[in-house]
Amino acid sequence: MLNELIERYSQYSDPELMEVYLNKNKYTDDAKQAIDIVIEKKGGIRSLNDRYDKIVAKEMEKSRIKNTAAELYLNGLTKNDINYALTSEVLALDEIQQIIENTSTEVEATKRDLEIKPSTIIGSILGGIVGGTIGGILWGLQIIYSGRIFYIFAIGLGIISYGFIKFFTKQSRNNIAVLTITILSVIYALILGFYIFELFGYHGPDQY
């Protein structure tokens with residue numbers, strides 16, 4: 001058992017080893033002994049601490065570069081401008097450039113998602129009608145056949161409406177038009193469901 005644990009912990013990364021070490025009081029005696037042996041083989045706890053601190057510092061620097069790049073990009077600077085503006089004593093130049101490239105891609109994707117275009121309105125309305133109609137029919141049938149109203153089903157109506165709207169618009173609920181029309185679609189589905197119940201509710205199978 002001890003040898004198996006040593007072999008397993010030997011495959012762990014430094015952050016994973018540190019997490020186990022910091023919480024080793026929760027582990028069995030064999031696990032405690034195994035983690036101590038593995039850490040010692042890798043230079044001891046001081047060496048692990050140093051490597052772990054460098055990893056944490058690097059991740060924090062990546063976060064700083066990403067946040068700053070996003071802010072500069074939103075302020076109108078180009079990728080070239082940002083590449084010149086951002087420097088780091090922790091990250092290599094190619095790492096900074098990769099972060100800036102990824103950040104610009106994410107920011108552009110967010111802009112496209114939030115943009116309200118004619119296709120956003122048309123797609124939202126079309127998706128809302130289709131999703132609301134399907135959801136409303138299902139809602140009405142649920143009331144008819146169960147004889148009860150489960151308002152939690154409204155969550156399902158929201159999922160159906162949003163699914164169709166997102167399919168037609170390729171935009172998420174972060175877009176105010178998509179969110180607004182999704183809500184309206186759910187309201188439409190609820191009204192339609194009650195209307196279907198009023199028309200056919202007293203002619204269900206149990207009424208004959």
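Tutor: Let's begin with Glu61, which counts as buried because its relative accessibility is 12%, under the 20% cut-off. Keep in mind that this is a predicted model.

Student: Which residue does Glu61 meet in a salt bridge?

Tutor: For a salt bridge, look for a side-chain nitrogen of Lys or Arg within 4 Å of a carboxyl oxygen of Asp or Glu. Here the partner of Glu61 is Arg64, with N to O at 2.8 Å. Both residues sit in helix 4 (residues 45-74), 3 residues apart, about one turn of the helix. Arg64 counts as partly exposed, at 36% relative accessibility.

Student: How many salt bridges does the structure hold?

Tutor: There are 8. One of them pairs Lys24 with Asp36, whose closest N and O atoms are 2.9 Å apart. Lys24 is in the loop between helix 2 and helix 3, while Asp36 is in helix 3, so this pair ties together parts 12 residues apart in sequence. Lys24 is buried, with a relative accessible area of 19%, and Asp36 is partly exposed at 33%.

Student: What does Lys79 form a salt bridge with?

Tutor: With Glu101, the closest N and O atoms being 3.2 Å apart. Lys79 belongs to helix 5 (residues 79-85) and Glu101 to helix 6, so the pair ties together parts that are 22 residues apart in sequence. Lys79 is partly exposed, with a relative accessible area of 32%, and Glu101 is partly exposed too, at 35% relative accessibility.

Student: Now Ser104: is it buried or exposed?

Tutor: Buried, with a relative accessible area of 5%. Ser104 lies in helix 6 (residues 93-114).

Student: On to cores. Which residues make up the largest nonpolar core?

Tutor: Think of a core as a set of buried nonpolar residues joined through their side-chain atoms. The largest has 12 residues, among them Leu5, Tyr9, Met18, Val20, Ile35 and Leu48. Helix 1 (2-10), helix 2 (14-22) and helix 3 (29-41) each give two or more residues to this core, and helix 3 has the largest share, with 5 residues. There's also a second, separate core of 11 residues, including Ile65, Ile82, Leu91 and Ile99.

Student: What is Val20 in contact with?

Tutor: Apart from its neighbours within four places in sequence, Val20 contacts Tyr9, Tyr12, Tyr27 and Ile35.

Student: One more: what does the side chain of Thr169 reach?

Tutor: The backbone oxygen of Ile165, at 2.8 Å. Thr169 lies in helix 8 (residues 153-169) and counts as buried, at 9% relative accessibility. Not counting residues up to four places away in sequence, Thr169 touches Ser119, Thr120, Gly123, Ser124 and Val178.

Definitions and conventions: Residues numbered from 1 in each chain as written. Predicted model: local features only at pLDDT ≥ 70, side-chain atom pairs only at ≥ 80, totals over all residues. Heavy atoms only, no water. Helix = DSSP H or I, 4+ residues; strand = E, 2+ residues; numbered from the N terminus. Buried < 20%, exposed > 50% of the residue type's maximum accessible area, 1.4 Å probe, protein only. Polar contact = N/O pair within 3.5 Å; in protein donor to acceptor, adjacent residues only side chain to side chain. Contact = heavy atoms within 4.5 Å. Core = buried A, V, L, I, M, F, W, Y, C linked by side-chain atoms within 4.5 Å.
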